[in-house]
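Try each task on your own, then follow the solution step by step.

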Amino acid sequence: SVSSIVPESCLLIVVGLLVGGLIKGVGEKPPILKSDIFFLFLLPPIILDAGYFLPLRQFTENLGTILIFAVVGTLWNAFFLGGLMYAVCQLGGPGLNHIGLLANLLFGSIISAVDPVAVLAVFEEIHINELLHILVFGESLLNDAVTVVLYHLFEEFANFEQVTIIDILLGFLSFFVVSLGGVLVGVIYGVIAAFTSRFTSHIRVIEPLFVFLYSYMAYLSAELFHLSGIMALIASGVVMRPYVEANISHKSHTTIKYFLKMWSSVSETLIFIFLGVSTVAGHHYWNWTFVISTLLFCLIARVLGVLVLTWFINKFRIVKLTPKDQFIIAYGGLRGAIAFSLGYLLDYKHFGMRDMFLTAIITVIFFTVFVQGMTIRPLVDLLAVKKKQETKRSINEEIHTQFLDHLLTGIEDICGHYGHHHWKDKLNRFNKKYVKKCLIAGERSKEPQLIAFYHKMEMKQAIELVESGGIGKIPSAVSTVSIQNINPKTLPEDRALPALSKDKEDEIRQMLRNNLQKTRQRLRSYNRHTLVADPYEEAWNQMLLRRQRARQMEQQQLNNFLTVPAHGVDSPTMSRARIGSDPLAYEPKEDVENLPIITIDPASPQSPESVDLMNDEPKGCSGLPPSPEEDEEGLVMRVKEPSSPGTDDVFTPGPSDSPSNQRMLRCLSDPGPQPEPEEGEPFIPKGQ
């Protein structure tokens, strides 16, 4: 019940305090956490476990944000805290006046870095969402390079009589050497480990040993040249994992996983217990002004750094960091044993105030681990921060993830923007074409990513079934993938494997058929040939097109002859007014046979031959004004009489071939110039 309220790291420190007090009570000298033991034996297992099982996708997608927090944020904390502490020492009285600027900057570089051990211990228990976890944890991993550079830089500057600009520039360049050198060392050892695992198929027992051996050699090689050992461990774990897991057996993979977890858990327990014991056993020099100022300025620098950097980062992020996220990032900046060990490494000759530094460091560690570590869980619940979703990865999710990656890569190529999707795709292609063939043995090097993921999922599901006792529930038709996992086929050496065989295609189809979500009902697919057509739509379209063509031809002829255009068609109201003024000048038609007729053949409404629009005369073109009957009745639509079996629809002359229609067509093609009416003639001429 206590561990649900108090983090495990706090309880371990309390146990260390009790053990140290007990040892001191019986008259013995309690052991102190020496820096060599910490950096050589206790820290590497924790970092290797974090680097080997690092969520690579979330880490790479947020790499820019993590680097800004780790590099710029740590530099800001170190110089802000060191400068303010120097001011406090100058104003703090006779006990602090002798502490110079370099000593305060060194102290600021030690206390400013977020500790990965403390962050892991606290954040694993509160189950925060993946984004916040990878931001804080990634910052704690990558700020090691900045801490190492600043620590060694100020330690060396303390031995100099005078620091020149060249020394400062060399110190700035050493940051790139330390960080990139550590990554390079880790990549080299990771590739060697992956290449070695290619030839261990006959000695499965020692496969896990190569992973631990090459990782530890990467760490020692980096520390030997004063490079970042933590960066080397992370790089080696990230590089070797996909190739090593493809080569080693499943038992070796399980051994690596649980041995790393156990080893890192034991190291973490020893670190926090030794922190408690060292607090009781060490020499302390308490100065209220220095300790309280350190604690206060640590909090202020962290909050200001997160707020300013997040304001800058949100200008470039698609998923913005909300104020709740900023609060958790600022509140999760825990300090731990790395700061204590770096402080313990200080030399009394150059830093006589080492005991006071250690006292302030232990106070900050206890405050961040106890106060912030104990209150972050209720604050996460109070602010309703999104928790981590414990969901199993599925084939459906993997397919859509790969599809979106390809889609975003294509969009970047079309836009001409070379973003991280473009370079990720280039790296994947290079990895698939060259690196996999060299580092992965056998058929696995040509295996598609989806099939490899499916192998892993089936193996995991089978193990869970066996462990839960549900082996009797396995269906009788065992999939081919399970059989291949249990009894792998040995292919002849001279056989040339195709890029993707027929069995693989059938396997992929079967896999998709079994794992993709099944829709509840099948909807009829859209087909333009099965749509119900409107019988009048084609006729109206033809009529409108012909009217528009007639108006264009009339306008063109009028423009060619440079004549005044004919009087437009009057509205029915104007026509009635003119008829009322001069009835004799207007003679309406007696027959209605010349009304525009749209004939429609119901048998085939879409055929163009079924529409007869030749009687659709433009009013005013035949020389007659529109009659009132036409205005009132408008268009008349009649059904076409079915033709007799012996007649030909194409060659039999129809009503559209009459002389009047031909005259109308000639009128449309060439209306000719019309004389202007003289003064004595009536406004509307009599019928012709």
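**Exercise 1.** With which residue does Glu139 form a salt bridge?

*Solution.* Before starting, note that this is a predicted model, where local features need pLDDT of at least 70, side-chain atom pairs count only at pLDDT 80 or more, and totals for chains, interfaces and linings use all residues. Residues are numbered from 1 along each chain as its sequence is written, and side-chain values use heavy atoms, with hydrogens and water left out.

Step 1: look for a salt bridge, meaning a side-chain nitrogen of Lys or Arg within 4 Å of a carboxyl oxygen of Asp or Glu. Glu139 pairs up with Arg302, and their closest N and O atoms are 2.8 Å apart.

Step 2: Helices here are DSSP runs of H or I with at least four residues, strands are runs of E with at least two, and both are numbered from the N terminus.

Step 3: check the burial. Buried means under 20% relative accessible area, exposed over 50%, and partly exposed in between, using a 1.4 Å probe and protein chains only. Glu139 is buried at 2%, and Arg302 is buried at 5%.

**Exercise 2.** Find the salt bridge between Arg429 and Asp425, and say for each residue whether it is buried or exposed.

*Solution.* Step 1: the closest N and O atoms of this pair are 2.9 Å apart.

Step 1: both residues belong to helix 17 (residues 420–439), four residues apart, or about one turn of the helix.

Step 2: Arg429 is exposed, with a relative accessible area of 55%, while Asp425 is buried at 17%.

Step 3: elsewhere, salt bridges with shared partners link Arg57, Glu61, Asp405 and Lys424 into one network. A search of the whole structure turns up nine salt bridges.

**Exercise 3.** Explain why helix 6 counts as largely enclosed.

*Solution.* Step 1: count the buried residues. Helix 6 covers residues 116–126, and nine of its 11 residues are buried, so the rest of the structure largely encloses it. Among them are Val117, Leu120 and Phe123.

Step 1: find the neighbours, taking a contact as heavy atoms within 4.5 Å. The helices that the buried residues pack against include helix 1 (8–25), helix 7 (130–157) and helix 15 (354–383).

Step 2: inspect the ends. Just after the helix, His127 takes a positive phi of about 55 degrees.

**Exercise 4.** Which residues have the most contacts inside the largest nonpolar core?

*Solution.* Step 1: a nonpolar core is a set of buried Ala, Val, Leu, Ile, Met, Phe, Trp, Tyr and Cys residues joined through side-chain atoms within 4.5 Å. The largest has 119 residues, and Phe38, Leu43 and Phe290 have the most contacts inside it.

Step 1: helix 7 contributes the most to this core, with 16 residues.

Step 2: zoom in on Leu43. Leaving aside residues up to four places away in sequence, Leu43 touches Phe38, Val117, Tyr219, Ile230 and Ile338.

Step 3: another core, of six residues, lies apart from the largest one, and its members include Ile395 and Met511.
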